[in-house]
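Colleague: I've got the model open and I'd like to learn how to read it. Can you walk me through it?

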Amino acid sequence: MKDLHPVHLRRIDPSQNMRRFYSISLQPTLFGGASLVRDWGRIGTRGQSMIETFDTPAEAGDAMTRLERRKRRRGYLDPQVSRSGRRE
């Protein structure tokens, strides 16, 4: 499995009163598999969580990459980068 670090993204659109966060991380299981942990919600709230378990860490890494790509296509960005590309 590649050394995948936790991913923290956010989507802020004042015109729609939208302030969302999304984070994804991998956690090993006791039986050699891996769990994909997802947290999401409105910034400033606790949000929701989901844990999805995979038989191999490679499968979990692939799922993490797919989810990150999907969220970035929908406008989610890294927390320190604004829409204009400047650091906040």
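Modeller: H1 has 17 residues and reaches 24 Å from first C-alpha to last, close to the 24 Å expected at 1.5 Å a residue. That expected span is 1.5 Å times one less than the number of residues. Helices (H or I, at least four residues) and strands (E, at least two) are DSSP runs, numbered from the N terminus. Keep in mind that this is a predicted model, where local features need pLDDT of at least 70, side-chain atom pairs count only at pLDDT 80 or more, and totals for chains, interfaces and linings use all residues. Residues are numbered from 1 along each chain as its sequence is written, and side-chain values use heavy atoms, without hydrogens or water.

Colleague: Which residues of H1 are buried?

Modeller: Buried means under 20% relative accessible area, with a 1.4 Å probe and protein chains only. In H1 those are Ala60, Gly61, Ala63, Met64, Leu67 and Lys71. They sit on the same side of H1 because they cover an arc of only 160° around the axis, taken from the directions from the helix axis to the C-beta atoms.

Colleague: What do the buried residues of H1 pack against?

Modeller: Contact means heavy atoms within 4.5 Å. The buried residues of H1 pack against E1, E2, E3 and E4.

Colleague: And how do I read the sheet?

Modeller: Strands of a sheet pair through backbone hydrogen bonds, either parallel or antiparallel. Two strands count as paired if DSSP finds at least two bridges between them. Here, 4 strands form an open sheet in the order E1-E2-E3-E4, with antiparallel pairing. Strands E1 (7-13) and E4 (48-54) are the edges, each pairing on one side only.

How values were computed
Buried means under 20% relative accessible area, exposed over 50%, partly exposed in between (1.4 Å probe, protein chains only).
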